[in-house]
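Visitor: I would like to learn how to read a structure like this. Please take me through some features, one at a time.

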Amino acid sequence: SNVEKSSKKAESHKTDWPIHGIYKKQVRDRLTPLLKDKETAAWLNKNGQEVWSVFNLDLDTIRSMVIPLYSGDKRGNQPCDPFGILRSFLLMVLMKETRITSWAADVKASAMMSIVCGFKPGSAPAVGTYYEFFKRLENGPY
């Protein structure tokens, strides 16, 4: 029935992935306290164009293509936010990094990069998650 379908949909991990407006608010809320630090401000000043590009990229238009790559079942670990992974790949390209392994470690170690990608500091995904995302794109809907 439709009630069962909407109930299952509401239980899905997919509802946890923030839309663009929420992502932008989270970035502002997480970055603002860090701006008092001179090193953080210098990093942001140096990488401002790249950060601004990622911050303003509204990925909501591709949600309908990305969400079907993930199971709606809530069993197992919650999958990493695929829109954060996409933002991370964009930032990687803009910052001219070519090695995913190095990039994943850098994002995980940097509160600033984690925040810009949409991850909580210290919670950025490991390198395997990046490669798993490629597999999902290649394999299509779950």
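Visitor: Is Ala 41 buried, partly exposed or exposed?

Guide: The model is predicted, so what follows describes a prediction. The general idea is a scale of relative accessible area, where under 20% is buried, over 50% is exposed, and partly exposed lies in between. Ala 41 has 32% relative accessibility, so Ala 41 counts as partly exposed. Ala 41 sits in helix 3, which covers residues 38–46.

Visitor: Which residue is 71 residues from Ala 41 in sequence and 9.9 Å from Ala 41 in space?

Guide: That residue is Met 112, with the distance taken from C-alpha to C-alpha. Two further pairs can be read in this way. Met 92 and Met 113 are separated by 21 residues in sequence, and their C-alpha atoms are 9.8 Å apart. Met 92 belongs to helix 6 (residues 82–94), and Met 92 is buried because its relative accessibility is 7%. Lys 24 and Asp 58 are 34 residues apart in the sequence, with 9.6 Å between their C-alpha atoms.

Visitor: Where is Lys 24, and is Lys 24 buried or exposed?

Guide: Lys 24 is in helix 2. The cut-off for buried is under 20%, and Lys 24, at 18% relative accessibility, therefore counts as buried.

Visitor: How many salt bridges are found in the whole structure?

Guide: The general idea is a side-chain nitrogen of Lys or Arg within 4 Å of a carboxyl oxygen of Asp or Glu. The search of the whole structure gives two salt bridges. One of them joins Asp 29 and Lys 25, whose closest N and O atoms are 2.6 Å apart. The other joins the side chains of Glu 97 and Arg 99, with an N to O distance of 3.3 Å.

Visitor: Why are Asp 29 and Lys 25 separated by about one helical turn?

Guide: Both are in helix 2 (residues 20–31), and Asp 29 and Lys 25 are four residues apart there, which means about one helical turn between them. Asp 29 is partly exposed because its relative accessible area is 45%. Lys 25 is also partly exposed, with a relative accessible area of 48%. Glu 97, from the other salt bridge, counts as buried because its relative accessibility is 17%.

Visitor: Which residues form a nonpolar patch on the surface?

Guide: The patch is formed by Tyr 131, Phe 134 and Leu 137, and together they have about 280 Å² of accessible area. Leu 137 lies in helix 9 (residues 127–139), and Leu 137 counts as partly exposed because its relative accessibility is 43%. Helix 9 also holds Lys 135, which is partly exposed at 48% relative accessibility. Lys 135 and Leu 69 are 66 residues apart in sequence, while their C-alpha atoms are 9.6 Å apart in space.

Visitor: Which classes of residue make up the lining of the largest pocket?

Guide: The lining of the largest pocket has five nonpolar residues, four polar residues and four charged residues.

Terms used
Residues are numbered from 1 along each chain as its sequence is written. This is a predicted model: local features need pLDDT of at least 70, side-chain atom pairs count only at pLDDT 80 or more; totals for chains, interfaces and linings use all residues. Side-chain values use heavy atoms; hydrogens and water are left out. Patches are made of residues with over 30% relative accessible area and no salt bridge: like charges are joined within 9 Å, nonpolar side chains (Val, Leu, Ile, Met, Phe, Trp, Tyr) within 5 Å. Accessible areas come from the Shrake-Rupley method with a 1.4 Å probe; for residues, only the protein chains shown count as cover. Helices (H or I, at least four residues) and strands (E, at least two) are DSSP runs, numbered from the N terminus. Buried means under 20% relative accessible area, exposed over 50%, partly exposed in between (1.4 Å probe, protein chains only). Ala, Val, Leu, Ile, Met, Phe, Trp, Tyr, Cys and Pro count as nonpolar, Asp, Glu, Lys and Arg as charged, and the others, Gly among them, as polar.
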